[in-house]
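Please read these notes with the structure open beside you.

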Amino acid sequence: PMIYPSHYAAGAYGLELPDREPYQTVFNALQRSQDTLAVLPQEERAGVRVWLQGFTATWVKGHISYGGEELRAQIQAVYDAGYTDWIIWNAQNTYTADGLLPAGAEE
C-alpha cells in the first residue's frame with residue numbers, strides 16, 4: 001500500500017489532519033491491513049511492502065515539512081504494526097538520509 005499521510009482526508013482514522021501525524025496515519029492504515037488479511041490463512045496472505053511519504057505535500061492546507069523525524073516516525077509505525085518492508089517515495093527523486101539509521105545500527 002502507498003500510505004502517504006498527505007493523501008488522507010481530514011478526519012481519516014479520527015485524525016484532524018493526517019499529514020501532521022505521520023506515525024499515527026501509517027500505523028492506523030497498517031492495522032486495517034492486518035485486520036483485512038487476518039481472515040485469510042497465513043500461507044495465502046499477500047506480502048506487504050509499504051510505500052512511505054518522502055516529500056512535503058505543500059498543496060495540503062496545514063501541511064508540515066517532511067524531514068528525518070517524519071520519515072523515522074513512518075518507518076517506526078511500519079515496525080510497530082508488525083511489518084518489516086518499506087520503500088520511501090518522492091516524485092522529485094530527492095531523499096534525505098536524516099530519518100534512516102546508519103549501517104549496522106540495530107532497530
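1. A residue counts as buried when its relative accessible area is under 20%, and as exposed when that area is over 50%. The model discussed here is predicted. Phe55 has a relative accessibility of 10%, so Phe55 is buried. Trp59, at 59%, is exposed.

2. The rings of Phe55 and Trp59 are stacked, because their planes are at 20 degrees, with the centres 6.1 Å apart. A pair of aromatic rings is described by the distance of the centres and the angle of the planes.

3. The whole structure holds six aromatic pairs. One of them is Tyr4 with Trp89, whose centres are 5.6 Å apart and whose planes are at 20 degrees, so this pair is stacked too. Tyr4 sits in the loop between strand S1 and helix H1, while Trp89 belongs to strand S3, 85 residues apart. Tyr4 is buried at 4%, whereas Trp89 is partly exposed at 33%. Tyr4, Phe55, Trp59 and Trp89 make up one aromatic cluster.

4. Strands S2 (residues 49-53) and S3 (residues 85-89) run parallel and are joined by five bridges. Val50 has Trp86 as its bridge partner in S3. Between the two strands the chain passes through helix H2 (residues 68-80), and this β-α-β crossover is right-handed.

5. Beyond its neighbours within four places in sequence, Gln53 has contacts including Tyr4, Tyr66, Leu71 and Trp89.

Methods
Residues numbered from 1 in each chain as written. Predicted model: local features only at pLDDT ≥ 70, side-chain atom pairs only at ≥ 80, totals over all residues. Heavy atoms only, no water. Pairing = 2+ DSSP bridges. Helix = DSSP H or I, 4+ residues; strand = E, 2+ residues; numbered from the N terminus. Right-handed = clockwise from strand over helix to strand, strands pointing away. Contact = heavy atoms within 4.5 Å. Phe/Tyr/Trp six-rings, centres within 6.5 Å; stacked < 30°, edge-to-face > 60°. Buried < 20%, exposed > 50% of the residue type's maximum accessible area, 1.4 Å probe, protein only.
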